[in-house]
Amino acid sequence: MPQARTAPRRTRARLIFGDLWEFDPAPETADPRLKPRYDLFIDGRFVRPRSGRYFDSINPANERKLAEIALAGPADVDAAYAAAAGAFRSWAATPGLERGKYLFRIARLLQDRAREFAVAETMDGGKPIRESRDFDVPMAAAHFFYHAGWADKLEYVAPGHTVAPLGVVGQVIPWNFPLLMLAWKLAPALAMGNCVVLKPAETTSITALKLAEVLQDAGLPPGVVNLVTGAGGTGALVTGHPGAAKVAFTGSTQVGKAIMRQLAGTDRRMSMELGGKAANIVFDDAPIGQAVEGIVDGIFFNQGHVCCAGSRLLVQEGVADEVVSKLKDRIRVLRVGDPLDKNTDLGAINSSAQLATIRRLVASGLREGASMFQPPCRLPERGFYFPPTLFTNVTQSHRIAREEIFGPVLSILTFRTVDEAIEKANNTAYGLSAGVWTDKGSRILRMSTELKAGVVWANTFNRFDPSSPFGGYKESGFGREGGRQGLLDYARRA
Ligand code: NDP
């Protein structure tokens, strides 16, 4: 009798890219038109700081100096507030239709210089050119376009109420999306008729100062926008200034709390866009391949320097091995390196200080017993880089599951039931964003109701639109940016 033949086992061929072969370098070549030195932008002009001091801005990809940036002291911040107060009456009285024209002009001028801004943003902050070119700059322009559209329709923004601007607004922004955060702050404030004193982050001031050139080209009246550069000390001068009718802050929860203490007992309005530790939740009926792409985008976009990054992956036990194995395959082919190369997926960490923070938290993960996976990858010798990193065997008490790492590091936990997923996802001091991957519509509705997060993405992650309000719960802050709600945060209602 012929023997039963077992079919030969076929192993599926695996595509390996990684370091097997080199891509030709594909550098973005647009000229970023950087100046060797940037002064403060006050009352429509670039002016030398009264402090007389400058600091260096370096390229985190190679540690080379890009430019000198003025360091604003108390007299400079006073001058910026005086210019803004001087411009306020006339700007607030300018018809909305006319204010909108300025915003349209700013958006178009930014689009005209999009490549130049993208290269400057990448050199200053370290993010891949693919992201600054296809996300940061177009989204910044989109915010100006969106709010330009509102400027002549403000009587419809709060039906049954009249709205009026607040006055001079003090704004402070972080380094992870320098131009985009600037647009999130400026566009609604200006559309509503406020004037602004804004401080960009110390390590990423250049695109804000380049935008000041755009404001000049757009003919924006002097004093409507004033930019004061410097470190945290300058930030505290901006947020604590008595001339501010409102303080709008985006940054860490720790600094947000310090500002709230600083302003306690004053009548200053505040909005706080703070940190996050988002749960990205994958159920066993999810389209796994698609979810893996969403997980990768959720944590490795902008090297994980994203407030709403999906930094805590919660996977249902039945598919955990499959998800982790696919994730490992996927991150083996991520390319880490020169941010100006169009092939690069992960660029440079923004600063040596941030790199030290990431290393410290990763070391704590190892110490506390989690298992780490990093694909083999060659990092450039100069500059600040960190490989994409996964942690399994993570428990909820581990620091890497509780604290914002703000780097390309994913902590993976598992769950069995929907209730457990909700409980674990909400077991955090933060509440900025979350993701849900499942085939079931009713489960999406339940999760989006029960997750305490300002944004819940379903079967996608990191989707943004200027018309969609963004903001947090709990220690992720209060107030919204974007949409009608964001605009109203810059208005007095009667
Ligand atoms: P920081 O809070 O350290 O800094 C934010 C800004 O505040 C910077 O411009 C900083 O200046 C300035 N600053 C520092 N100290 C003070 C102070 N005492 N008073 C006033 N201003 C001060 O945050 P990072 O720049 O490190 O940004 C990362 C954080 O921002 C993360 O926690 C992230 O989650 C959060 N973020 C939140 C977003 C949201 O929409 N919820 C969006 C993007 C980021 P300098 O840089 O010079 O120190």
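Visitor: Which pocket is the space taken by the ligand?

Guide: The model is predicted, so local features need pLDDT of at least 70, side-chain atom pairs count only at pLDDT 80 or more, and totals for chains, interfaces and linings use all residues. Residues are numbered from 1 along each chain as its sequence is written, and side-chain values use heavy atoms, with hydrogens and water left out. The ligand takes up the space of the largest pocket.

Visitor: Which residues come nearest to the ligand?

Guide: A residue is near a molecule if one of its heavy atoms lies within 4 Å of it. There are 30 residues around the ligand, and those that come nearest are Ile173, Ser252, Leu274, Cys307 and Glu404.

Visitor: How far is a polar side-chain atom of Ser252 from an oxygen atom of the ligand?

Guide: A polar contact is a pair of N or O atoms within 3.5 Å. Backbone atoms take part too: a polar one of Gly251 is 3.3 Å from a ligand oxygen, and an N or O atom of Ala236 lies 3.4 Å from a ligand nitrogen. For the side chain of Ser252, the distance to a ligand oxygen is 2.6 Å.

Visitor: Which helix gives the most residues to the shell around the ligand?

Guide: Helices (H or I, at least four residues) and strands (E, at least two) are DSSP runs, numbered from the N terminus. At least two shell residues come from each of α7 (232–240), β10 (246–250) and α8 (253–263). With four residues, the element that gives the most is α7.

Notes. Polar contact = N/O pair within 3.5 Å; in protein donor to acceptor, adjacent residues only side chain to side chain. 1 Å grid on protein atoms, 1.4 Å probe; cavity = no way out; pocket = protein on both sides within 12 Å on 5 of 7 lines; lining within 4 Å. Sits in = over half its atoms within 2 Å of the grid points.
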